[in-house]
Amino acid sequence: MGLNYTIDCRHCGSHTEYRASTNRRTLRVDAERLSSHIDTECAMRCPVCRTKLNTSEADFRAQVKISFDA
Ligand SMILES: [Zn+2]
């Protein structure tokens, strides 16, 4: 069970996939939070060039895809 992140960085062109394991409780909270609100205060960065990916909600949605597996 976890969250799968796919990051396509516009800055350096890198494509990164990673999986964040989580327990059921955390996953549900994350799913609710992610579906209703993109946090642009807490920086999410490209793992390659460290460019901030969530400068705005539009930037986040353009560069980061999140899926869930159960
Ligand atoms: Zn990058």
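A: Start with a term: two residues are in contact if their C-beta atoms, placed from the backbone, lie within 7 Å. Among contacts between residues at least 6 apart in sequence, 50% join residues at least 24 apart. Keep in mind that this is a predicted model.

Q: OK. What does the secondary structure come to?
A: Two helices and three strands. From the N terminus on, the order is β-β-α-α-β.

Q: And the sheet, what order do the strands have?
A: β2-β1-β3. The sheet is open, and the pairing is antiparallel.

Q: Which strands stand at the edges?
A: β2 (15-21) and β3 (64-69). Each has a single partner strand, so one side of each is left without a neighbour in the sheet.

Q: What does the twist average?
A: 20 degrees from one strand to the next.

Q: How many bridges join β1 to β2?
A: Seven, with β1 covering residues 2-8. Asp-8 stands opposite His-15 of β2.

Q: And how many join β1 to β3?
A: Six, and that pair also runs antiparallel.

Q: Take Leu-3. What is its bridge partner in β2?
A: Ala-20. In β3, Leu-3 has Phe-68 as its bridge partner.

Q: Back to β1 and β2. How many residues are between them in the hairpin?
A: Six. Look at Gly-13 in that turn: its phi is positive, about 80 degrees.

Q: Switching topic. Where is Arg-45 found?
A: In the loop between α1 (24-36) and α2 (57-63).

Q: What is Arg-45 in contact with?
A: Leaving aside neighbours within four places in sequence, Arg-50, Thr-51, Lys-52 and Leu-53.

Q: How far is Arg-45 from Ile-7, going by C-alpha atoms?
A: They are separated by 9.5 Å. Along the chain, the two residues are 38 apart.

Q: Why is Arg-45 partly exposed?
A: Because 13 other C-beta atoms lie within 10 Å of its own. A residue counts as buried at 20 or more and as exposed at 12 or fewer, so 13 falls in between.

Q: Last one: what percentage of the protein is buried?
A: Buried residues make up 3% of the 70 residues.

Technical notes
Residues are numbered from 1 along each chain as its sequence is written. This is a predicted model: local features need pLDDT of at least 70, side-chain atom pairs count only at pLDDT 80 or more; totals for chains, interfaces and linings use all residues. Two strands pair if DSSP finds at least two bridges between them. Helices (H or I, at least four residues) and strands (E, at least two) are DSSP runs, numbered from the N terminus. Axes are lines fitted to C-alpha atoms, for helices over the stretch in contact, and angles run from 0 to 180 degrees between N-to-C directions.
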